[in-house]
Amino acid sequence: MPSDFSLVPKTAISKPHKENVPRASTRHGQQQSELKGQNQLLVEANEELQKKNSETLLKVAQLEQQYSDLQGTNADIKKRLKDCHVLLVAGNIDPVLGERIGESAPQNEDQQRVVVNVSRDLLSELWTFGDMATEQSAQLTEVQKSMKDLMEAREHLVQERDHFSLEVEETEKALEEAEQLLLE
C-alpha cells in the first residue's frame, strides 16, 4: 500500500474543517456586532449624562447668582432697618406710641402730629422690612437647600459618568479582543 493511501478521501477531511471556520467567524462577527451595539448604547448614555451634567452646572451657577443677590438684598434690608431704629432712638421716639420718651406733653399739636405720622411711617416701614427680611431668609434657605440637592445630584451624575466611561473602556477592550480573535 502506498504511504499516501487513505480510506477517507482528502476532500472529505478538509471539508468539515472549512465549514467550521465560517461558523467561528460568524460567531465572532455576531459577538463583535453585539459589542459594537453595547458600545454605542454606552456612548449615547455617556453623552446624555454629560448633557445632564452641563444642565446641572448651569442651574447651580444660576442658583449661586440668585443666592448672592439675595444675600445682598438681605444685607440692604438689615442696614435700612438698623438706620430706622437709629432714627427712632436718636429722636427719642417710642415707635409704638409715636411720642417722645421722657416728655410729659408735646410742645405743640402740629409737632405731635408730625412726630406721630413719621413714627407711624417708620413703624410701617420697619414691619415691611421685617417681613421682607423674613421672606428673603426663607428664600435664602430654599436656595441653599436647592444648591445642596443640586450639588449632590451633580456628584451622582459625575459618578455615573465615570462608571459609564469605565464600561465604555471595558467594552472597547472586549471589542478589540474580539477583533484580535477574528484576525487570528
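**Entry 1: Gln136**

I began with the neighbours of Gln136 and found that, once residues up to four places away in sequence are not counted, Gln136 touches Leu70, Thr73, Asn74 and Ile77, where contact means heavy atoms within 4.5 Å. I then noted that this is a predicted model, in which local features need pLDDT of at least 70 and side-chain atom pairs count only at pLDDT 80 or more, while totals for chains, interfaces and linings use all residues. Residues are numbered from 1 along each chain as its sequence is written, and side-chain values use heavy atoms, with hydrogens and water left out.

I looked up where Gln136 sits, and it is found in helix H2; helices (H or I, at least four residues) and strands (E, at least two) are DSSP runs, numbered from the N terminus. Gln136 counts as buried because its relative accessibility is 13%, and buried means under 20% relative accessible area, with exposed over 50% and partly exposed in between (1.4 Å probe, protein chains only).

**Entry 2: Asn74**

Not counting residues up to four places away in sequence, Asn74 touches Ala133, Gln136 and Leu140. I also checked the pair Asn74 and Leu140, whose C-alpha atoms are separated by 9.1 Å although the two lie 66 residues apart along the chain.

**Entry 3: the nonpolar cores**

I looked for nonpolar cores, each being a set of buried Ala, Val, Leu, Ile, Met, Phe, Trp, Tyr and Cys residues joined through side-chain atoms within 4.5 Å. The largest has 7 residues, namely Val60, Leu63, Leu70, Leu140, Val143, Met147 and Leu150. Helix H1 (10-90) and helix H2 (109-183) are the elements that give two or more residues to this core, and H2 gives the most, with 4 residues.

I then found a second, separate core of 6 residues, including Ile77, Leu122, Phe129 and Ala133.

**Entry 4: the whole protein**

I finished with the totals: the protein has 2 helices and 0 strands, and buried residues make up 20% of its 184 residues. Among contacts between residues at least 6 apart in sequence, 84% join residues at least 24 apart.
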